Amino acid sequence: MKLLGIDIGTTSISFTVMEKESKTLVKASTVGNESFMKTGNSWEKIQNAAEIEKIVKETVEKFFAEFTDIVSIGLTGQMHGILYTDGRGNCASPLYTWQDGRGNRPVFEGKSLTETIYEETGVQVYTGYGWVTHLYNQRKNLVPETAASFCTIADYIGMKLTGREQPLIHSSMAASFGFFDLERNQFRQDALELLGINCGIMPEISDKISVLGEFDGVPVYTAIGDNQASVLGATGREPGTILVNMGTGGQISVISDRNIEVPGIETRPFLDGNYLLVGASLCGGRAYAVLENFFRQYGKAAGTGDRAQYDVMEKILEQGETADPLKVRTTFQGTRTDPERRGSIEGISENNFTPAALIQGVLDGMAQELYEMYCEIRSQVSLDVSTMTAAGNGVRKNHYLQKAFEKIFDKKLVLAPYKEEAACGAAMSCCR
C-alpha cells in the first residue's frame, strides 16, 4: 500500500509516493508553479489558484494511473497566504501569498496595517498573514462579494479533490493566519472583533488530521503547514530535534512538548499535542542568489554574457577559506519584527575585500542569522543534541553552506533522508 503526498510551494509543486509500512520513497516528481499574476503593484504577490488546481489534478490522475494501491492523499503547502471561497467551495479570489506586502504599506493615516493592529490589539502579526490580508482587503473594500470563507491553497486543493464546499483546516495552517490561541485551538475572536472583522468568515479548525472526503475512492486528509510537514518528513516527531531549512526563506525548527514563548521565535502547533519553536530568516537561500546576481551583472558588463555564476563561485571557494573573513549580515529583506532592516558588510580591509571573502561571508551570514535564533530557543529549552538535520535545496545543493552551518553551530550536520521532505511529511501525516 502506498501514500501520496503533495506539497504546494510558492515556486514549485512536489509529489511523492511512499510505501506505507517502510516509509520508503518510491517516486518523487516536481512541477514548476508559474501561477504568479502580474499586477501594477510591486507589493502585491498573488497567484492564480485555478492554474495550481489544474496542475495538481492532472498530476494526481497520472499517479493514480501508475500506482493502483494508493490508500491516502496527504497535503501540505505554503502557509500564511489565503484565498477566498464562495458558498459552494469555489475560488472567489486569487491566492494572496505569504510574500504579499500589503500589510506593510503606510496607507492608514501614515501607518502600516501591522502597526495599527498592534496599537489597537497588542497582537504582533506580520504582512502576508491571512488575517492581515483579509483586514486590509476589508478596509479597502477588496473582499469579493461572494466570499463565504477563506483558507490556504493546500486546503483549497483538498476541497477541489473531494468536492467539499466548506474549508476544514488543521491548526498548523490556522495558526499561520495570526490571532491564534494555541491553548484553546481557536482564533482570538475578541481581538478580531475589536478590529471590526465579521468572524462569520472564519474557517472551521481541527486539531487532528481529519478526512476531508475522497478522491476516486481514496481518503484525502487535512493539509498541514509546510514547516510542520518538512520537520515530520526530515526528522520525525520526537521533541528536541533540530531542523534547519534553507529554501526560498530560511528556518530553524525545534520540536517542543511545551507551549512556551521565546522572544523573536514563533510557537506553532505540531502533531501529537507537541509544538514547534520556529525562527525564520526572510531572505534565507535568496541571499546566495542575490550575490550570484551581483557577479552575473558584473560578468555581463564585462562582456562575458548573461551567464549563471554559481560554478565560478564554487571554484573560488575551492581555494579555501580566507584567514580574514568578512562579516556579512544577510537581512537583505529585513526581519519579521523589523521589515525595514537591511543587510551589511563589516570588517573590510584592503586585503580581504575579495570575491572569496565576500562569498564566504554571505554563507556564514546565512547560517549566523539562524544560529542567533537557535540561541534564543536554547535559552528556554534544554537541547542536548550533537547533530542537526538540514533540509531544502539551498543547503542540500551547497556543500560550502553545509560547512558554514557546522562551523557556526558547532554540530554535525546530517541531510534529511528525503529530498522532498515536505511532500514526504504530508504523505506520512496520514499515518500514525
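Two strands are taken to pair if DSSP finds at least two bridges between them, and the strands (E, at least two residues) and helices (H or I, at least four) are themselves DSSP runs, numbered from the N terminus. This is a predicted model, in which local features need pLDDT of at least 70 and side-chain atom pairs count only at pLDDT 80 or more, while totals for chains, interfaces and linings use all residues. Residues are numbered from 1 along each chain as its sequence is written, and side-chain values use heavy atoms, with hydrogens and water left out.

**View A. Strand β23 pairs with β17 and is joined to β24.**
Strand β17, made of residues 242-246, and β23 pair in the parallel sense over three bridges, and within this pairing Asn245 has Ala391 of β23 as its bridge partner. Strand β24, which covers residues 412-415, also runs parallel to β23 and is joined to it by four bridges, with Met388 standing opposite Leu413 of β24. Strand β23 itself spans residues 387-391 and is mostly covered, since four of its five residues are buried (buried means under 20% relative accessible area, exposed over 50% and partly exposed in between, with a 1.4 Å probe and protein chains only).

**View B. Strand β1 pairs with β6 and is joined to β2.**
Seven of the seven residues of β1, residues 2-8, are buried. Lys2, Leu4, Ile6 and Ile8 point one way from the strand, whereas Leu3, Gly5 and Asp7 point the other way, and the residues of both groups are buried. With strand β6, residues 70-77, the pairing of β1 is parallel and runs over seven bridges; with strand β2, residues 12-19, β1 runs antiparallel and is again joined by seven bridges. Gly5 can be followed into both neighbours, for its bridge partner in β6 is Gly74, and in β2 it stands opposite Thr16.

**View C. Arg296 and Glu292 form a salt bridge within helix α8.**
Side chains of opposite charge can pair when their charged atoms come close. A salt bridge is counted here when a side-chain nitrogen of Lys or Arg is within 4 Å of a carboxyl oxygen of Asp or Glu, and a search of the whole structure finds 20 of them. In the pair shown, the closest N and O atoms of Arg296 and Glu292 are 3.0 Å apart, and the two residues are separated by four residues, about one turn of helix α8 (residues 286-301). Glu292 is buried, at a relative accessible area of 4%, while Arg296 counts as partly exposed because its relative accessibility is 21%.

**View D. Lys407 and Asp364 meet in a salt bridge.**
The N to O distance between these two side chains is 3.0 Å. This pair links distant parts of the chain, as Lys407 lies in helix α12 (residues 399-409) and Asp364 in helix α10 (residues 355-378), 43 residues apart. Lys407 is partly exposed at a relative accessible area of 39%, but Asp364, at 12% relative accessibility, counts as buried.

**View E. Tyr371 and Tyr374 lie in helix α10.**
Rings of Phe, Tyr and Trp (its six-membered ring) are paired if their centres lie within 6.5 Å, and planes under 30 degrees apart count as stacked, over 60 as edge-to-face and the rest as tilted. The structure holds 19 aromatic pairs. The rings of Tyr371 and Tyr374 have centres 5.9 Å apart and planes at 40 degrees, so this pair is tilted. The two tyrosines are three residues apart, about one turn of the helix, and both are buried.

**View F. Lys140 lies over the face of Phe108.**
A charge sits over a ring if NZ of Lys or CZ of Arg is within 6 Å of the ring centre and within 35 degrees of the ring normal. For Lys140, the distance from the ring centre of Phe108 is 5.2 Å.
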